[in-house]
Amino acid sequence: MEMFYYLVFGGLGAVVAALELSKNKDRVNTSPAFSSFKNNYLLVYSLMMAGDWLQGPYVYYLYSQYGFGKGEIGQLFIAGFGSSMLFGTIVGSLADKQGRKRACVTYCITYILSCITKHSPQYKVLMVGRILGGIATSLLFSAFESWLVAEHNKRGFEQQWLSITFSKAIFLGNGLVAIVAGLFGNLLVDSLALGPVAPFDAASCFLAIGMAIILSSWTENYGDPSESKDLLTQFRGAAVAIASDEKIALLGAIQSLFEGSMYTFVFLWTPALSPNEEDIPHGFIFATFMLASMLGSSLASRLMAQSSPRVESYMQIVFTISAASLLLPILTTFLVVPSKVKGGSISFSGCIQLLGFCAFEACVGIFWPSIMKMRSQYIPEEARSTIMNFFRIPLNIFVCIVLYNVNAFPITVMFGMCSIFLLVACILQRRLMVIAEKPKTEDWSSLKERDTEAEPLNI
């Protein structure tokens, strides 16, 4: 492996270590009961994220090893995002009504089945796996957070302690665990030569362990306790909440724009760094990205611990930096003479892009705990999972459109579109900051009351 990879990884590691060592200890006095609750959640969340991160670097690579081209791989990715869009809102609503704990267990089972399908080179079987994976992703990014917030409030813990759990969950689950998962995947595939399916088998094991802990130690909680609350009524209630509160609508748009760009980046970084089939260490690069994300989450914990600047303020800067970092593939096309030699090591333009991608991942690390905090402030608890999955509908539409046209446009155009969407997110974040201090025109209770009095939809 080239020295360049080690230098980038080592440099990021040194910065993260310096930040963590210089960080003041938490001045917030918490209770032993909260510490036990927090540690239990962090263990489960870390195992769930390990199951997800182990797969990340090798999905594209596995499909290419099975002989599929970029267009066919794009269709497989579309299946995942499409199923997340079609079924995500339904499973989110079921989580609110049937229980968040059950939804978390369902995530484990669904994702394990998705991993099993990776053993087959048959396109149809892989397509089924992608559909299952899309459903699981919707649950991962809604059910666990919804369970945490509801259980935190049910147990009477102070609201400000949520930020502690959020920042530590991102630091561990989206940072440290992701780095270890990338290195572990690299060990399985490259060092032990077990093949690109090995990380998926390892992911199944972690998911099974996490599911066992959930079943044995978690209690159930729900959204709206109304017995007559069927799925259609939940959808209507969530739609009314989004339409009636501009802050919720803006938050959903911001999340969709950023995550849409992020998931497009997940698909594009491999061909961007190896346009001439350069031999790049996927697992090690992924671990480097996750170290950059850990750097971002470490910065986020510092920012959120202070009263100023507010989340709504500093996120504008984060979106601007992320937009600039994804412009690097376009700039290197014009400023660096592209190599036409097949194979070999990473090119000079690839090195520059890798640094830019690390900057983007640092922004991702800041984004996750920050968006969690804003969601806990603005989204009503009674339909949290439903509303959060509503947010994913435009996200998945955007990603599906991009991947469907992946062969129609150069990679630089795709990165350019992502940069534009990130700049739009910055503008919307500015608007959210301006209106954040304004009181709601209606609270959730009045929205439910009006929704109950409204005539049923004619379908």
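How much space lies in the second largest cavity? In this predicted model, the second largest cavity holds about 120 Å³ of space. Its lining is made up of 13 residues, and those closest to its centre are Leu140, Phe141, Glu145, Met372 and Arg375. Helix 2 (32-53), helix 11, helix 15 and helix 16 (384-404) each contribute at least two residues to this lining. Divided by class, the lining residues of the second largest cavity are 8 nonpolar, 1 polar and 4 charged.

Two of the residues named above, Glu145 and Arg375, also form a salt bridge, in which the closest N and O atoms are 2.4 Å apart. This pair links distant parts of the chain, since Glu145 belongs to helix 7 (residues 143-154) and Arg375 to helix 15, 230 residues apart. Glu145 has a relative accessible area of 5% and is therefore buried, as buried means under 20%. Arg375 also counts as buried, at 2% relative accessibility.

The search of the whole structure finds 6 cavities of 30 Å³ or more. The largest cavity contains about 700 Å³ of space. It is lined by 36 residues, of which Asp52, Gly56, Tyr111, Tyr263 and Val266 are the closest to its centre. In the lining of the largest cavity there are 19 nonpolar, 12 polar and 5 charged residues.

Of the 22 residues in its lining, Tyr61, Ser64, Thr270, Ser274 and His282 lie nearest the centre. Two or more lining residues come from each of helix 3 (59-65), helix 4 (70-98), helix 8 (161-191) and helix 11 (246-273). Helix 3 gives the most to the lining of this pocket, with 4 residues. By class, the pocket lining comprises 11 nonpolar, 6 polar and 5 charged residues.

The structure holds 6 salt bridges, including the pair of Glu145 and Arg375 described above. Another is formed by Glu220 and Arg102, with 3.7 Å between the closest N and O atoms. Distant parts of the chain are linked by this pair: Glu220 lies in the loop between helix 9 (198-217) and helix 10 (231-244), whereas Arg102 lies in helix 5 (residues 100-117), 118 residues apart. Arg102 counts as partly exposed, because its relative accessibility is 48%.

A further salt bridge joins the side chains of Glu151 and Lys154, at 3.4 Å from N to O. Glu151 and Lys154 are 3 residues apart in helix 7, so about one helical turn separates them. Glu151 is buried, with a relative accessible area of 2%, while Lys154 counts as exposed at 52% relative accessibility.

Ser347 is placed in the loop between helix 14 (328-335) and helix 15 (348-378). With a relative accessible area of 16%, Ser347 is buried.

Definitions and conventions: Residues numbered from 1 in each chain as written. Predicted model: local features only at pLDDT ≥ 70, side-chain atom pairs only at ≥ 80, totals over all residues. Heavy atoms only, no water. 1 Å grid on protein atoms, 1.4 Å probe; cavity = no way out; pocket = protein on both sides within 12 Å on 5 of 7 lines; lining within 4 Å. Nonpolar A, V, L, I, M, F, W, Y, C, P; charged D, E, K, R; others polar. Buried < 20%, exposed > 50% of the residue type's maximum accessible area, 1.4 Å probe, protein only. Salt bridge = Lys/Arg side-chain N within 4 Å of Asp/Glu carboxyl O. Points joined across faces, edges and corners; volume = space filled by probe spheres on them.
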